Each structure stands twice: as structure tokens, then as C-alpha cells.
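Here is a friendly walk through a protein model, taken one step at a time. Keep the picture open beside the text and look for each part as it comes up.

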Amino acid sequence: MEVNRLAEQAGQHAHPARCSDHSRYTLANRLMLTLLSHLRQYHEETYHHSLRVSYLVRRMAKHLICENREVRRLIRSAMLHDVGKLAIPIGVLDKPARLNAQEWIQMDRHGTIGASILHATGLFGDDEIYIVSHHHRWFGQNARMTEPRLVDAMVDLLAVCDAYDAIIYDRPYRDAQNSDWAIRQINERAGDQFNPVMADLLRCVLSEQA
Ligand SMILES: [Fe+2]
């Protein structure tokens, strides 16, 4: 997949300066579907993972965010959070063993690449691009902020949903784990890797009937 070409084409077709807010929103949604369709062709499991994560994010967001507009942006961010994997070689994505240092460097680039693709279109808000560009680790940083921004909460939320889904589905190098095990793992890392509020919310949401 030639990601630079894809980003260039997306930017050419968007013309955001001429768009009303409504047109911009519609164009961004169309572009999202196009990107997801590329992702599905390139790496189907990442596509399904993105849909599952966005569904879980939606369930969690209902408890946190009142404004529909913010929920829609968050769901779109979740759908696109792994779009940068279009640029990661299949051999790395599907390697049936732990990645070596060089491969991790390649893999870690997917957030930045995803952000570049979205940025090139001019159709996505800075908060969405921020979410795509970070494989977020909490490390207590929000606790030091006097006024945590909404975007931080959104990234924290996306991080727990992403990790949960990654654990409960097969990876090329390991089998899927069950939901209880995944929740325990996330809770053990709450306050360090994950925002403890979001880890707790995940546990509560998963205990609800889907
Ligand atoms: Fe992911």
C-alpha cells in the first residue's frame, strides 16, 4: 500500500476550505469508509479489530460524554486508530512470533502514519488526529493535570478498549485469552499503563448486558 499516495489523493479530494461544517462532516465520513475499505483489503483482522474497538468505545462513551458530536468523533477516531497499519508490512503484522527490535520500530510508526493520512485531508479535528497518533500510556499523567482535557479522557478510553480487544482475540503469536483474564490484566496495569477510571468503567460496561 502506497500510503503517501493515499494521503495525497485524500487531500486532493477533500477541499476542506470550501466546505460547510456539514459537508466537511459528510466528506470525513466518506473518507473514513474508503480508508476502512483499504484496511479491510490489506489486513482484514485489523479492520474487524477497529470495528469491535469502536463498538466498545461507543458503549463506554455513553457513560462519559453527553454531547453527541463528541461521541461521533470518538467513534470515528476508534474506527481509524489503526489506519496507519496500511503502511506496515504484512510480514510484520502477521509474524507468528514476538517482534524483534527493528520490527517494533516499524510497528510503532503506525500511529504517526495514521495521523499523517488524516492530517493530509484537512477534514479531521486535531483531537482525532491526536488520538490516532498516540499509542497512549497513562502513567498517571492526567492525575497531575488540574484540568484534564476531554481529549485526554478520549485517548484513555480508546487505550483500554484497544488493549481489551487485542487480548481477547487471537494474535499471530498467541491465542486469545478470555474476558475475565483480560479485565484482570487491565486492572493490574491501572494507574500505570491505563487510566484507572477507564479501567473501572470498562469492567462495569462489560458486566452489563451487551
Ligand atoms: Fe488497535
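**How the helices pack**

The angle at which α2 and α3 pack is about 135°, and their axes are 5 Å apart. Axes here are lines fitted to C-alpha atoms, for helices over the stretch in contact, and angles run from 0 to 180 degrees between N-to-C directions. At this meeting place, Leu36, Leu39 and Arg40 of α2 face Glu44, Thr46, Tyr47 and Ser50 of α3 in contact, where contact means that two C-beta atoms, placed from the backbone, lie within 7 Å.

Before going further, a word on what you are looking at. This is a predicted model, in which local features need pLDDT of at least 70 and side-chain atom pairs count only at pLDDT 80 or more, while totals for chains, interfaces and linings use all residues. Residues are numbered from 1 along each chain as its sequence is written.

Now step back to the whole protein. Its secondary structure consists of eleven helices and zero strands; helices (H or I, at least four residues) and strands (E, at least two) are DSSP runs, numbered from the N terminus. Of the 210 residues, 31% count as buried, that is, with 20 or more other C-beta atoms within 10 Å of their own, whereas 12 or fewer makes a residue exposed and anything in between partly exposed. Among contacts between residues at least 6 apart in sequence, 65% join residues at least 24 apart.

Return to α3, which runs through residues 44–61. This helix has 18 residues and reaches 26 Å from its first C-alpha to its last, close to the 26 Å expected at 1.5 Å a residue; the expected span is 1.5 Å times one less than the number of residues. Its buried residues include Tyr47, Ser50, Val53 and Val57.

The next partner of α3 is α4. These two helices pack at an angle of about 155°, with their axes 8 Å apart. That angle makes α3 roughly antiparallel to α4. On the α3 side the contact is made by Ser50, Val53, Ser54, Val57, Arg58 and Ala61, and on the α4 side by Val71, Leu74, Ile75, Ala78 and Met79.

Is Ala78 buried or exposed? Ala78 is buried, because 28 other C-beta atoms lie within 10 Å. Leaving aside neighbours within four places in sequence, Ala78 is in contact with Val53, Ser54, Val57, Leu158 and Cys161. Ala78 and Met154 are 76 residues apart along the chain, yet their C-alpha atoms are separated by 9.7 Å.

What lies at the centre of these contacts? The largest nonpolar core has 42 residues, and those with the most contacts inside it are Val57, Leu157, Leu158, Val160, Cys161, Tyr164 and Ile186. Such a core is a set of buried Ala, Val, Leu, Ile, Met, Phe, Trp, Tyr and Cys residues joined through C-beta atoms within 7 Å. Among the helices that each supply at least two residues are α2, α3, α4 and α9. The most comes from α9, with nine residues. Cys161 touches Val53, Leu56, Val57, Met60 and Ala78, not counting residues up to four places away in sequence.

Further along is α7, whose buried residues include His110, Ile113, Ile117 and Leu118. Just after α7, Gly122 takes a positive phi of about 70°.

Finally, follow the chain to α10 and α11. Their axes come within 9 Å and cross at roughly 160°. That makes α10 roughly antiparallel to α11. Their crossing is left-handed. Here Ser179, Ile183, Ile186 and Asn187 in α10 meet Ala199, Leu202, Arg203 and Leu206 in α11. Arg184 also has its place in α10, and this residue is partly exposed, with 14 other C-beta atoms within 10 Å.

Definitions and conventions. Angles under 35 degrees count as roughly parallel, over 145 as roughly antiparallel, 65 to 115 as roughly perpendicular and the rest as oblique. A crossing is left-handed if the near helix is turned anticlockwise from the far one by less than a right angle, and right-handed if clockwise.
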